[in-house]
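Please read the following notes alongside the sequence and the 3D structure.

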Amino acid sequence: MRLVPLFSSPTTTIIDCGATRASLGVFSRTGGGLRCREFVTVSFPAGPATDDCWLEHTSAALRTFNADRTLTGPVVLVLPAHLTLAKQIKIPRVPAARRGQIILFEAGQAIPHPLGEIAWDWVGSGPAGSAEDILLVAAKREQVEQLCAAAAAAGLRPTRVLPSVLSTLAAFRLVRAETEQAGLLLNIGGRSTNLLLVDKSAFAARTLALGGGPVTPRLAESRGGSEEEAEGIKVAGESTDRIAEPKEILTGRLALEVIRSVQHFSRQFGLGNPPRLILAGGGTRLAGLAAGLGSRLKLPVETCDVSTAVKFDDGRMPGGDLTDLVGAASLVLGRQQATLDLLPPALRRHEDLRRRQPWLIAAAVLGMAAWLPPILYYRQVAITTRARVVALDRALGPLREREKSIRGNLARLKELRADVAGMEFVQSHRDSWLRFLAALQERLAKVQDVWLDQLRPLPPGEKGPLKLALSGCLLTRTTPAAAVQPTTHLRVRELVAGLTGLPSVKAVEGERYDSSQPGLLRFSLVLVTDSAHPL
């Protein structure tokens, strides 16, 4: 799908590259019609087919167009009929996805050249029940590329290449009322003729290798004259007896081709007999041609006068044929009619990219614009929130100072608690030995006749409680010279039980007793202190 230009120009430049002249027109649309702001034409001779200098003459004309004026905008080129081939085909009515494949196949069958060597396109020419009528138009790619290159060398940028057959149809529909858009249309050029059978809803077209310019060698030979004598027939239309016979031959051949074409279009595409014959093109100025065709075809003859649909800045109708020029302007500025484009693929891709650039820019702008409302909204939200934060910060200032003071007091309280705990620890450890020794003395006095030899702390182990080594002896008063009695052992057991009951003692271990000395029982043991009541 080709994108329509987003920012289309209000004016368009049309260059009609005819067989014997090139015309330039700068058009704009005013109300329901066209306005021609500038018009210029350059005529040149049409040489014989064996020595065709058409491209050289057209290139020189293009350079002339842009020599005294500045044409920087897009340019639409109109190809003459002798460079194009028009073929009418019928395809079944299928979905759009398959229609392209069918048209491609039919184009390969209908066009007598490899599709890779030509520039071609198609346009629908009207429905026909379950089938669809298609007009194929093709031109040699090399010739189209050479013409586009010549235009680019002259400082012109071709953006579309239209065949004259469609510009002729557009001009006819522009100047004719809807009730009169039916008839047989002949656009007779210098070297070829566009034939269109038109009704209200459909049309069919052919390109005939017959023109109103110089007589071809075949016509000259049929007359018995030379090719130089054939140069006598010009678009200006001499009326001397010397050229009457070739003119009669041209009229007869045109009439025969018209009859054959109308019968073919009626049989294949269901188009009816035309109610009138409409002539256009420079060839219509050949004296007696219109009357001769009308009498042979038995149809009333009219002309396609485009001057009624165009307003000129200088108010004067310029000379020369304007049919294709005005028709192409109607197609480009109107955009209400189906059209096609013979621009070569490389230039078409470049032009499509150029057309996409405004759309891409517009999409980027719209994408950025889509973020603008939320950005503005959240910016306002941020401003409001920032103001609230400032207000809350002012209100929380005194509270923060109070919190700071409270935190300082809590820190001081923690330090005081630590000092108190240290003092309590020192105080508790200061008199713990006194309490331990007093309790020990109380236990010894309760047992009686016990004295201590030694009380010393043992080396502390890893993370173990403090251990005290205690040794002493127990005296037997009643029988001091006798051996130790069982009652003495009971007294020792009582002593150990009393030591175990001390608050600072958790257990008693390592008990040893020696009763070898008469009347005296020696003992040694280890007191395991309690970490809950440290010494």
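**Notes on the predicted model**

1. A search of the whole structure finds three aromatic pairs, where rings of Phe, Tyr and Trp (its six-membered ring) pair if their centres lie within 6.5 Å, and planes under 30 degrees apart count as stacked, over 60 as edge-to-face and the rest as tilted. One of them joins Phe 265 and Phe 269, a tilted pair with 6.2 Å centre to centre and 55 degrees between the planes. Both residues belong to helix α7 and sit four residues apart, about one turn of the helix. As a general point, an α-helix has 3.6 residues a turn, so residues three or four places apart point the same way.

2. Phe 265 is buried at a relative accessible area of 1%, and Phe 269 is buried as well, at 10%; here buried means under 20% relative accessible area, exposed over 50%, and partly exposed in between, with a 1.4 Å probe and protein chains only. Another of the pairs is formed by Tyr 377 and Tyr 378, whose ring centres are 5.0 Å apart and whose planes stand at 75 degrees, so the pair is edge-to-face. Tyr 377 and Tyr 378 are both exposed.

3. Two remarks on the basis of these notes are in order. This is a predicted model, in which local features need pLDDT of at least 70 and side-chain atom pairs count only at pLDDT 80 or more, while totals for chains, interfaces and linings use all residues. Residues are numbered from 1 along each chain as its sequence is written, and side-chain values use heavy atoms, with hydrogens and water left out.

4. For the chain as a whole, the secondary structure comes to 12 helices and 18 strands, these being DSSP runs numbered from the N terminus (helices H or I, at least four residues; strands E, at least two). Of its 535 residues, 41% count as buried. Among the contacts with a separation of 6 or more, 66% are between residues 24 or more positions apart, a contact meaning heavy atoms within 4.5 Å.

5. Which residues of helix α3 are buried? They are Val 144, Leu 147, Cys 148, Ala 150 and Ala 151, and they cover an arc of only 155 degrees around the axis, which puts them on the same side of α3; the arc is that of the directions from the helix axis to the C-beta atoms. Glu 142 and Ala 153, on the other side of α3, are exposed. The helix itself, residues 141-153, has 13 residues and reaches 18 Å from its first C-alpha to its last, close to the 18 Å expected at 1.5 Å a residue, the expected span being 1.5 Å times one less than the number of residues. After α3 comes Gly 155, with a positive phi near 85 degrees.

6. Helix α4 (residues 164-175) and helix α9 (residues 323-334) pack at an angle of about 80 degrees, with their axes 7 Å apart; axes are lines fitted to C-alpha atoms, for helices over the stretch in contact, and angles run from 0 to 180 degrees between N-to-C directions. The two helices are therefore roughly perpendicular to each other (angles under 35 degrees count as roughly parallel, over 145 as roughly antiparallel, 65 to 115 as roughly perpendicular and the rest as oblique). The residues that meet include Leu 166, Ala 170 and Leu 174 in α4, and Val 326, Ala 328 and Leu 331 in α9.

7. Ala 309, in the loop between β13 (301-303) and β14 (310-312), is buried, with a relative accessible area of 14%. Neighbours within four places in sequence left aside, Ala 309 is in contact with Gly 33, Leu 34, Leu 174 and Val 175. Ala 309 and Ala 171 are 138 residues apart in sequence and 9.1 Å apart in space, C-alpha to C-alpha.

8. Thr 251, in helix α7 (residues 244-269), counts as buried at 3% relative accessibility. Not counting residues up to four places away in sequence, Thr 251 touches Leu 289, Gly 292, Leu 293 and Arg 296. Leu 289, Gly 292 and Leu 293 are also among the buried residues of helix α8 (residues 289-297).

9. Where does Lys 298 lie? Lys 298 is in the loop between α8 and β13, and has a positive phi of about 55 degrees although it is not a glycine; Lys 298 is exposed, at 71% relative accessible area. Asp 449, likewise not a glycine, has a positive phi of about 55 degrees, but counts as buried at 17% relative accessibility.
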